[in-house]
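Subject: Structure handover

Hello,

Here is the structure I said I would pass on. My notes follow it.

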Amino acid sequence: MFRLGWPWWEAAPVSVLPVCVLPVCVLACVLLACGSTEPPSSDLAPSVEPVEAVERSYPDSDYGRALRDSDVRLADLRTRLDTPGALHRQAYVAALLDRARLVGGVTDYAAALAALEDLQAQLPREQWPHSIAAGVYASVHRLDAAEDALDGAQRRILGANHAAIAAARGDLYLHRGLFEVAHALFEESEQRSPHGGAASHVAYYHWQLGDYAAADAELDRLTLLRGRHLAYLEFTRGMLDFAQGRHGEALAHYEAADDAFSGWPLVWEHMAEVHQAEGRLFLAEALYRRVVELTESPSAMTMLALCVDADEAAYWLRRAEQLHRRDLELLPEASAGHALDYFLHHGDPAEALDLAIRNHGLRPGGEATVKFAQALCNDGAWHLAAARLDRLHATTPFRSPESLATAALAHRQQGGEARAAELESEANQLHPDAISLVAWLTP
């Protein structure tokens, strides 16, 4: 289960699909590196105030302390919003984005987006905080708006970090399924900053190609990390191992992430996923309950439902659906992909297919194409699913155990046993039991 946005920079959902995981830290780099020019003063008051709270209880953990610090900073910035100039308002948007990346909830991302749009409405376009806007828009899957903001950041005569901008732009093209363009942008970033600045982005690129060894080697270039940044790295390594069916190694990395930044629900959710995959349902249940208590994650509720009796499971599934529908209403671009897994497994096939089409239209890369194909399978259109995945594998370098196994299942359902066996063999080279990942699709 993953979170909103693109993890390890933002590690965002509370989650849902184990989707992309590396780059948006890139956009954090852009925020830090591009600087900003203070525009003339104006009366800007954000319409959304998502964090009221300095008076609340916090978990006794690194995560809890980070939440407290975030609340204190937001409360302080809120008192300064009507001071002359726009720097405090820009800082407020950036702080909301950082909190959203920490918490991962759709409502937090919606608050950051609303505050950004309030700020932009009061400023001439040339004075917009382009680097901050790029981070917000990328996190909520508005790829065109994110690229437009990167264009604005790059046009700055002074202060633009062109290496970070190229890496961020590469992430956008990767999610559009334009692998060659993305690779060229990552190479440009590496040339401009050859000391590992684009390592996380290049790692995710190799992950998308199913080249896990190359992805791991890129992550080795990231050194001297501490706290939350080290936790991001260990979390990402854990996801790489889990994608290959290496559950023991994945759990070790998740435990290292929890040591580096204790109490982070995102990490607990993925630890629970390992325990669940290994049949340790009582451990998975305990962790999912902790995540739900802290975050109200609909994905954690959905997974918790698999660990409890039928009556309680029905309650958690109803609650998860309610939250997904709320998020789809609030921020449809960011929520479609995250709600899709729920509706694929527990909803109406026609509604799941509609969500899959919308999600694919927003970011037509490899992962969204796989979910689209699975929705077609779920709706009985096996031939269309097979054709779509065959085209994905023929025209792009994208490979994943799930994409290959789904294609194998689709061909098998049409009697194409020889082709299915080839695809299953290729999938098993990436994951020793890849077909089990899509067993839920079998009629």
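The lining of the second largest cavity divides into 3 nonpolar, 4 polar and 2 charged residues (Ala, Val, Leu, Ile, Met, Phe, Trp, Tyr, Cys and Pro count as nonpolar, Asp, Glu, Lys and Arg as charged, and the others, Gly among them, as polar). A cavity is a set of points on a 1 Å grid over the protein atoms alone where a 1.4 Å probe fits but cannot get out, and lining residues have an atom within 4 Å of a point. The lining consists of L174, H175, Y204, Q208, R363, G365, G366, E367 and A368. Helix α19 gives the largest share, 3 residues (helices are DSSP runs of H or I, at least four residues, numbered from the N terminus).

The model is predicted: local features need pLDDT of at least 70 and side-chain atom pairs count only at 80 or more, while totals for chains, interfaces and linings use all residues. Residues are numbered from 1 along each chain as its sequence is written, and side-chain values use heavy atoms, without hydrogens and water.

The mean pLDDT (the predictor's confidence in each residue, from 0 to 100) is 87, and 86% of residues reach 70 or more.

Helices α11 (227-243) and α12 (247-260) pack at about 170 degrees, with axes 8 Å apart (axes are lines fitted to C-alpha atoms over the stretch in contact, and angles run from 0 to 180 degrees between N-to-C directions). They are therefore roughly antiparallel to each other (angles over 145 degrees).

Regards

Technical notes. On a 1 Å grid over the protein atoms alone, a cavity is a set of points where a 1.4 Å probe fits but cannot get out, and a pocket is an open set with protein on both sides within 12 Å along at least five of seven lines; lining residues have an atom within 4 Å of a point. Helices (H or I, at least four residues) and strands (E, at least two) are DSSP runs, numbered from the N terminus. Angles under 35 degrees count as roughly parallel, over 145 as roughly antiparallel, 65 to 115 as roughly perpendicular and the rest as oblique.
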